[in-house]
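User: I would like to work through this model step by step, with some questions about its pocket and its cores.

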Amino acid sequence: GTWSMIGGAIRVDCLDWRWLPPGSPLTFHPLTIVAAVLVGAVGEILESFLSAAGARSFGAAKRGMIGAIIGGVVGALVGTVVIWIPVLGTLMGAVLGTAAGAIVGETGGGERTIRDSAKPAIGAVIGRVLGTLAKLPIAVAVWIIFAVAVFRE
């Protein structure tokens with residue numbers, strides 16, 4: 001949601017010439033978009049950190065934590081494309097990708113079995129879900145930034 005709002009604001013600014021009189025300012029000032037990107041980046045960092053922290057709290061090694069982060073990002077992207085249910089497809093992909101990434105990371109070194117990596121994978125999924133929930137106020141903040149910016153003079 002956050003990145004869709006930011007992308008929409010950028011598209012609006014790119015098309016302003018079609019409906020605004022010549023010389024008019026852009027609908028969204030470039031600094032407004034930069035502020036929204038920074039707030040959105042904080043949300044992404046928070047989500048990734050919570051995913052890794054969840055894996056770590058359930059006994060994951062560094063490889064498992066990195067795998068959970070990478071798997072969550074890849075899973076979210078794949079889930080968005082493959083599961084055509086808005087929001088739910090992305091969330092399902094992120095959860096499955098986080099679990100798979102943690103398992104691959106944990107078993108990749110050969111020290112752990114799939115069974116041994118289940119607990120860290122569950123922790124990574126719990127962290128990912130909490131991270132996703134923590135991003136909700138971030139998305140609201142970005143929405144407020146754009147809503148206020150639209151009505152400025």
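Analyst: Helices here are DSSP runs of at least four residues, numbered from the N terminus. The model is a predicted one.

User: In which helix does D13 lie, and is D13 buried or exposed?

Analyst: D13 lies in helix α1, where its contacts beyond four places away in sequence are L26, T27, F28 and I33. Buried means under 20% relative accessible area. Because the relative accessible area of D13 is 12%, D13 counts as buried.

User: Which element gives the most to the lining of the largest pocket?

Analyst: The largest pocket has a volume of about 700 Å³, and of the 21 residues that line it, G1, E44, E47, T90 and K135 are the closest to its centre. By class, this lining has 11 nonpolar, 6 polar and 4 charged residues. At least two lining residues come from each of α1, α2, α3, α4 and α5, and the element that gives the most, with 6 residues, is α5.

User: Which element gives the most to the largest nonpolar core?

Analyst: The largest nonpolar core has 10 residues in all, among them A52, A55, M65, A99 and V125. Two or more residues of this core come from each of α2, α3, α4 and α5, and the element that gives the most, with 3 residues, is α5.

User: How many residues are in the second, separate core?

Analyst: In soluble globular proteins, nonpolar side chains tend to be buried together. The second core is separate and includes I33, A36, F146 and A149. Its residues number 8.

Conventions. Residues numbered from 1 in each chain as written. Predicted model: local features only at pLDDT ≥ 70, side-chain atom pairs only at ≥ 80, totals over all residues. Heavy atoms only, no water. 1 Å grid on protein atoms, 1.4 Å probe; cavity = no way out; pocket = protein on both sides within 12 Å on 5 of 7 lines; lining within 4 Å. Points joined across faces, edges and corners; volume = space filled by probe spheres on them. Nonpolar A, V, L, I, M, F, W, Y, C, P; charged D, E, K, R; others polar. Buried < 20%, exposed > 50% of the residue type's maximum accessible area, 1.4 Å probe, protein only. Contact = heavy atoms within 4.5 Å. Core = buried A, V, L, I, M, F, W, Y, C linked by side-chain atoms within 4.5 Å.
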